[in-house]
Amino acid sequence: LGFLNDAHMKDPVELTSTLRSSPALLQDDESIEAAFKCGRDLFLVSSKRVIVIDKKGITGKSVEYKSYPLMYNKAFSIETEGHLLNGSEVKIYTHDERIKQELAKGQKDNVWAIHEILSEKMLND
């Protein structure tokens, strides 16, 4: 439901620092280029992959980390926001599944920033 979506851009520099230590998720030569927080979960685009951090259950103590190397992603799409409740949407297609992240209303610039990052990484490497 679009009206329940609250995915907002987070500071990629801060998250790069955090994800080098707790947990040490990033490689030494990897950095976060775009980051969105939706509720307790994170959708990250790094210099090498897409990372989805999904906190599970009521307490969020159980965390699932999904890593999708950009070299294996087949395609992506973006959808700009509509007039009523829908925000923008990013979809990345992998061999096995589709990664989908909806963004909160008013983030037109952010969806185009993600488009630019994914285009650069997936089309030029």
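At 56% relative accessibility, Asp29 counts as exposed, where exposed means over 50% relative accessible area, buried under 20% and partly exposed in between (1.4 Å probe, protein chains only). The model is predicted: local features need pLDDT of at least 70, side-chain atom pairs count only at pLDDT 80 or more, and totals for chains, interfaces and linings use all residues. Residues are numbered from 1 along each chain as its sequence is written, and side-chain values use heavy atoms, with hydrogens and water left out.

Asp29 meets Lys48 in a salt bridge with an N to O distance of 2.8 Å; the term denotes a side-chain nitrogen of Lys or Arg within 4 Å of a carboxyl oxygen of Asp or Glu. This pair links distant parts of the chain, 19 residues apart: Lys48 sits in the loop between strand E3 (41-46) and strand E4 (49-56), and Asp29 in the loop between helix H1 (12-18) and E2. Helices (H or I, at least four residues) and strands (E, at least two) are DSSP runs, numbered from the N terminus. Lys48 is partly exposed, at 31% relative accessible area.

A salt bridge also joins Arg49 and Glu30, with the closest N and O atoms 2.7 Å apart. Arg49 belongs to strand E4 and Glu30 to the loop between H1 and E2, so the pair ties together parts that are 19 residues apart in sequence. Both Arg49 and Glu30 are buried.

Glu64 and Lys56 form a further salt bridge, at 3.1 Å between the closest N and O atoms. Glu64 is partly exposed at 30% relative accessibility, and Lys56 is partly exposed at 34%. Salt bridges with shared partners join Asp54, Lys56 and Glu64 into one network. The count of salt bridges comes to six.

Turning to the strands, five of them form an open sheet in the order E1-E2-E3-E4-E5, with antiparallel pairing; two strands pair if DSSP finds at least two bridges between them. Strand E1 (8-9) and strand E5 (62-69) stand at the edges with a single partner strand each, so one side of each is left without a neighbour in the sheet. E1 pairs with strand E2 (residues 32-38) in the antiparallel sense over two bridges, and Met9 has Phe36 in E2 as its bridge partner.

Strand E7 (residues 89-93) pairs with E8 in the antiparallel sense over five bridges. The two strands, E7 and E8, form a hairpin with four residues between them, and Val90 stands opposite Gln101 in E8. In a regular strand the side chains alternate between the two faces of the sheet.
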